[in-house]
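Work through the exercises below with the structure in view. Each task is followed by a solution in steps.

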Amino acid sequence: MPEPIDLPELTPAHLEPGTLYLVATPIGNLEDITLRAIRTLRDCDLVAAEDTRHTGMLLKRLGLSKRQVSTHKFNEAKRSREIVELLEGGGTVALVSDAGSPGISDPGQRVVAAVIEAGCRVESVPGACALVAALTASGLVTDEFHFVGFLPVKSGQRAKRLAKLLELPGTIAVYESPHRVVKLLRELEELAPDQPVVLGRELTKKFEQIQRGLPGELLAEYAERKPKGEFVVLIGQAG
């Protein structure tokens, strides 16, 4: 188990009663977390976590001991009602996913919608986000981009979705698993062989890598080795 990290003495967070706080957590490097995020996690009444075991390890390294409830895609509806009830009673809840900003290709959106519908406050505690980390380092156009999370798994739906996306202006951004990133590069080699692609892998971790090239060039890099780690795939415009 990694050692706890040394933190400066932090003043109280002054959280507003009846508020759901969307707290971004590290995507790799523990130092991704902000001081505001630490204070919010420390001073809230409840942490609603995608995986309480994962978040429990983060809290332990931060020297925090908090009450948690699991809040994932299979129980979001039920948990939303419980969170709203706590907020209506004047409590404060910090919602976190396993990594990055909750609600961005992670559970959270349904909870936020339910809290807003109930007339309670929602406040973002921004921080690490794999999409932003990859996009800003890509060298591709950033003034217009289209993020679609994960592509469909089924080949027919996937090809149709990808073809539609490639018609859009600006940069296209998707998340992809190491098991399917080579498949995506093959699809891009067929549909858009002249469009630049940037792969952001293991972002903010020890073995972070940004790979740039045409689909065929990037495919060649994985001819002899298996991809590892989660990927952000960015597709630029040709020429």
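**Exercise 1.** Decide whether tyrosine 175 is buried or exposed in this predicted model.

Solution. Tyrosine 175 has a relative accessibility of 10%. The cut-off for buried is under 20%. Tyrosine 175 therefore counts as buried.

**Exercise 2.** Classify the ring pair of phenylalanine 150 and tyrosine 175, and state which parts of the chain the pair ties together.

Solution. Start with the distance: the ring centres of phenylalanine 150 and tyrosine 175 lie 5.8 Å apart. Centres within 6.5 Å count as a pair. Next, take the angle: the planes of these two rings stand at 70 degrees. Planes over 60 degrees apart count as edge-to-face, so the pair of phenylalanine 150 and tyrosine 175 is edge-to-face.
Now place the residues. Phenylalanine 150 belongs to strand S6 (residues 145-150), and tyrosine 175 to strand S7 (residues 171-176), so the pair ties together parts that are 25 residues apart in sequence.

**Exercise 3.** Classify the pair of tyrosine 222 and phenylalanine 231, and say whether each residue is buried or exposed.

Solution. The centres of the two rings, of tyrosine 222 and phenylalanine 231, are 6.3 Å apart, and their planes make 80 degrees. This aromatic pair is edge-to-face. Tyrosine 222 has a relative accessible area of 6%, so this residue is buried. Phenylalanine 231 is at 2% relative accessibility and is buried as well. A search of the whole structure gives three aromatic pairs, and the pair of tyrosine 222 and phenylalanine 231 is an aromatic pair of the edge-to-face kind.

**Exercise 4.** Describe the fold as a whole: what is its secondary structure, and how does its radius of gyration relate to the globule rule?

Solution. First, the secondary structure: the protein has eight helices and 10 strands. Along the principal axes, the C-alpha atoms fill a box of roughly 55 × 40 × 30 Å. Of the 239 residues, 45% are buried. Finally, consider contacts with a separation of 6 or more: 71% of them are between residues 24 or more positions apart.

Definitions and conventions. Residues numbered from 1 in each chain as written. Predicted model: local features only at pLDDT ≥ 70, side-chain atom pairs only at ≥ 80, totals over all residues. Heavy atoms only, no water. Helix = DSSP H or I, 4+ residues; strand = E, 2+ residues; numbered from the N terminus. Buried < 20%, exposed > 50% of the residue type's maximum accessible area, 1.4 Å probe, protein only. Contact = heavy atoms within 4.5 Å. Phe/Tyr/Trp six-rings, centres within 6.5 Å; stacked < 30°, edge-to-face > 60°.
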